[in-house]
Amino acid sequence: MRIAIIGAGVAGVCSAYELAAAGHQVTVFERRGSVAAEGSFATGGHIAPALMLPWLAPAFPRPGAGPLGWQWQRWRQQRKPATQEAQDRLLQLARFSFERLQALRRHLQLDHERAEGQLVLLRQDKDQKAIQAGLERLQRLELPHRLLDAAQCLALEPGLNPEIALHGGVQLGVGEVGNTRQFCHLLRSEAQRLGARFRFHTTVRSLEAGAPTRLVHEYTPTDEQLGSSPRRNEPQEAGDTQPAPLGPQEERFDAVLVCAGTGAAPLLKALGLKPRWRELHTLSITAPLRVLEAHPHLGPAAGLLDWQRQIGIARIGQRVRVSSLPRPHALELKASTLAPLHETLNDWFPGAMQAGQVQKWQGSHLVLDDGLPVLGASGQPGIWLNLGQQSLAHSGWTLACGAAAVLAHQISGKTASDMHGSEPPDIRGLDITRSA
């Protein structure tokens with residue numbers, strides 16, 4: 001089959017690899033100049049199936065988390081029986097996705113600065129009481145975790161500040177952190193070896209469902225690219241297809257998989273698909289870790305989440321990344337906005353960051369009120385969806401490998417139960433029909 005993928009974030013790159021591995025002719029359209037250039041660029045990089053469930057979410061209402069009406073709607077949606085059933089199926093997909101990620105890492109020998117471990121930090125006794133129902137749900141779903149006291153947290157993460165008030169933590173049995181952008185670049189190269197083509201600086205203007213599906217795209221280079229140097233003589237990333245001629249171009253495909261994040265909304269709206277999206281925004285700062293012989297454990301060993309402040313900390317190679325959980329409002333990347341990230345890192349790991357080399361980032365993505373992704377057939381012939389994977393306490397990477405494998409299976413029309421040695425996870429309730 002000839003298959004187009006719109007978007008080259010972590011969802012799109014994983015989908016490109018899986019579909020190319022299944023023997024399809026894959027073309028990826030990306031409006032930026034590289035993979036992972038938007039919502040997957042500097043995410044927190046936390047990967048843990050347990051973070052897919054809303055057990056970590058603070059009680060309603062939470063100041064600064066968005067309009068009260070939206071918070072209330074989200075709170076109600078997540079407590080509906082149908083939503084909780086879908087959450088349980090999502091957890092199975094997350095487990096499968098984690099296994100698929102490990103299989104890819106070993107088979108392809110991917111080095112994406114991973115570090116094993118996820119620890120949820122609880123500053124006060126009331127924090128533990130607030131998540132007690134969530135801990136019971138983890139137990140019921142047989143998700144491995146361990147409740148730790150402050151001394152055990154310090155033993156697990158030796159770099160933690162021993163002077164800060166710490167009640168304890170929750171160690172998640174399955175979890176890690178890594179460099180999402182680096183993973184995307186590595187997997188993109190593997191997809192190209194299998195024949196996938198990537199068309200960068202190419203914007204998809206419209207879709208028309210059918211058999212085949214009609215896709216109109218346009219090469220949209222930056223002003224610098226259209227400057228004095230000849231466009232076709234510009235250095236291209238290894239293995240990329242050449243830019244298309246200027247102006248709208250039409251192509252037809254057997255299937256189109258939309259992984260475009262915030263860019264998906266106008267394309268779907270033109271098709272009559274109008275999910276109740278909300279755009280959320282995540283902030284992060286990244287900087288090299290200081291190296292001091294007197295303090296060999298300066299900085300985190302893996303991934304942590306400050307439950308009270310809803311801020312994540314991750315070791316990314318020899319750097320540290322601090323990220324906020326998604327919020328409904330875009331913010332300026334200025335000192336006052338980023339202060340909570342700096343303060344939280346300084347609480348737990350004082351002096352760990354080389355403050356003069358901080359990379360600042362804000363990414364946007366779409367979610368539905370129930371916090372679940374949109375996966376599967378769109379209801380329009382030939383058009384499939386892989387959207388909304390980022391949620392309250394996790395990056396889209398947690399689901400990306402598994403969702404891509406399941407959708408490649410469905411798009412291929414396979415009926416055999418074997419997929420990478422296991423039964424395909426059931427993703428009922430995660431398609432677009434629930435938002436109609």
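Analyst: The largest nonpolar core has 53 residues, and those with the most contacts inside it are Leu93, Phe183 and Phe198. A nonpolar core here is a set of buried Ala, Val, Leu, Ile, Met, Phe, Trp, Tyr and Cys residues joined through side-chain atoms within 4.5 Å, where buried means under 20% relative accessible area, exposed over 50% and partly exposed in between, with a 1.4 Å probe and protein chains only. The model is predicted, with local features needing pLDDT of at least 70 and side-chain atom pairs counting only at pLDDT 80 or more, while totals for chains, interfaces and linings use all residues. Residues are numbered from 1 along each chain as its sequence is written, and side-chain values use heavy atoms, with hydrogens and water left out.

Two or more residues each are given to this core by S1, H1, S2, helix H3 (81-108), helix H7 (180-193), strand S11 (255-258) and helix H10 (397-411); helices (H or I, at least four residues) and strands (E, at least two) are DSSP runs, numbered from the N terminus. H10 provides the largest share of the core, 11 residues. Phe183 touches Val10, Cys14, Leu101, Leu110, His112, Trp397 and Cys401, not counting residues up to four places away in sequence, contact being heavy atoms within 4.5 Å. Apart from this core lies another, of 24 residues, among them Leu119, Leu289, Ile313 and Phe349.

Among the contributing strands, S2 (residues 25-29) is mostly covered, since 4 of its 5 residues are buried. Strand S1 (residues 2-6) runs parallel to S2 and is joined to it by 5 bridges, two strands being paired if DSSP finds at least two bridges between them; in this pair Arg2 stands opposite Gln25. From S1 the chain crosses through helix H1 (residues 10-21) to S2 in a right-handed β-α-β crossover, a term for a path that, with the strands pointing away from the viewer, runs clockwise from the first strand over the helix to the second. S2 is also joined by 3 bridges to strand S7 (residues 197-199), again in parallel, and there Thr27 stands opposite Arg197.

The loop between S7 and S8 holds His201, which has a positive phi of about 50 degrees although it is not a glycine, and which counts as buried at 15% relative accessibility. Gln109, in the loop between H3 and strand S4 (115-122), likewise has a positive phi, near 55 degrees, but Gln109 is exposed, with a relative accessible area of 70%.
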